[in-house]
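Keep the viewer open and follow along.

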Amino acid sequence: MSRTPAAALALATGVEFLHLAPAAVRLRPLRRTVARRTAGYGTTPGHLALTFDDGPDPRSTPYVLDALDELGARATFFLLGAMLERAPGLGRELVLRGHEVAVHGWHHRPQWYPAPARDLRELRRASEAVTDLCGTRPRWYRPPYGVLTAGPALAARRLGLRSVLWTAWGRDWTAEATGDSVYATARPGLTAGATLLLHDSDCASAPGSWRATLAALPLIAAHCRAHALTLGPLRDHAVPPLASAAR
């Protein structure tokens with residue numbers, strides 16, 4: 001049955017709306033509310049989930065790992081498949097040092113337009129790379145830029161991955177970021193059950209911005225000690241698993 005131009009436009013608009021609807025979590029008034037359900041707001045008493053995006057990066061991730069060792073903290077690292085492919089040994093080292101690895105996609109780009117086959121293909125490729133190169137099956141998926149559109153969200157669910165955003169960040173990706181500014185920005189959100197977003201690579205950020213992240217880690221850890229909070233990975237965050245997921 002043929003459609004009028006107006007009907008075709010309405011259909012295309014509806015498909016695009018459904019695709020983009022999950023991305024509403026980027027709106028500030030919705031972020032914390034939605035994060036409790038979608039981003040894995042934890043219920044482990046006194047636990048704060050520490051997460052890093054965009055690695056593994058041989059130029060910066062080793063410094064972050066050493067800092068976390070000194071602080072006695074473990075974290076969840078959301079890995080880009082393209083970065084992991086170039087540094088597989090670093091991916092294995094993350095696991096050997098006791099950290100959790102998760103999926104951030106293959107490339108760091110938002111998925112604004114509907115492309116279900118591409119979304120599933122790229123996310124499966126990234127998930128398999130994490131499994132094969134790190135030696136452990138990932139549980140979590142975080143979309144680049146926090147843009148959780150319908151295609152990647154459905155692909156993640158099909159692959160048995162839970163989509164996770166965050167409840168606090170340090171704006172550590174900017175050229176102006178310093179250790180003090182990252183901590184000051186993150187501090188209001190450093191509470192029990194929170195999920196903190198940081199970056200261990202500048203591959204999608206201002207060059208050298210990871211140094212601000214590195215400088216902020218001792219400040220964040222000191223804050224957590226002072227408030228009886230434990231920094232740890234999402235696996236210790238007591239987030240309910242997916243009710244059902246096809247592998």
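The largest nonpolar core has 48 residues, and F52, L68, F77, L196 and I220 have the most contacts inside it. A nonpolar core here is a set of buried Ala, Val, Leu, Ile, Met, Phe, Trp, Tyr and Cys residues joined through side-chain atoms within 4.5 Å. As for burial, buried means under 20% relative accessible area, exposed means over 50%, and partly exposed sits in between, with a 1.4 Å probe and protein chains only.

Take F52 as a way in. Contact means heavy atoms within 4.5 Å. Leaving aside neighbours within four places in sequence, F52 touches V64, L68, A75, T76, F77, F78, L198, H199, D200, T213 and L217. There's also a second, separate core of six residues, which includes F78, W140, V164 and L234.

A word on where this comes from: it's a predicted model, in which local features need pLDDT of at least 70 and side-chain atom pairs count only at pLDDT 80 or more, while totals for chains, interfaces and linings use all residues. Residues are numbered from 1 along each chain as its sequence is written, and side-chain values use heavy atoms, with hydrogens and water left out.

Zooming out, the chain has nine helices and eight strands. These are DSSP runs numbered from the N terminus (helices are H or I, at least four residues; strands are E, at least two). Of the 247 residues in the chain, 51% are buried. Among contacts between residues at least 6 apart in sequence, 79% join residues at least 24 apart.

Now for a helix pair. The axes of α6 (residues 116-134) and α7 (residues 150-158) come within 9 Å and cross at roughly 50°. Those axes are lines fitted to C-alpha atoms over the stretch in contact, and angles run from 0 to 180 degrees between N-to-C directions. So α6 and α7 are oblique to each other, given that angles under 35 degrees count as roughly parallel, over 145 as roughly antiparallel, 65 to 115 as roughly perpendicular and the rest as oblique.

Which residues meet? On the α6 side they are D119, L120, L123 and R124, and on the α7 side G151, P152, A155, A156 and R158. By class, this contact has five nonpolar, one polar and three charged residues. Ala, Val, Leu, Ile, Met, Phe, Trp, Tyr, Cys and Pro count as nonpolar, Asp, Glu, Lys and Arg as charged, and the others, Gly among them, as polar. In α7, A150, G151, P152, A155 and A156 are buried. After α7 comes G160, with a positive phi near 80°.

Most residues other than glycine have a negative phi, and most peptide bonds are trans.

A cis peptide bond joins G55 and P56, with omega about 0°. P56 sits in the loop between β1 (47-55) and α3 (61-71).

T136 lies between α6 and β4 (140-141) and is partly exposed at 28% relative accessible area. Is A228 buried or exposed? At 64% relative accessibility, A228 counts as exposed, and this residue is in the loop between α9 (210-226) and β8 (230-232).
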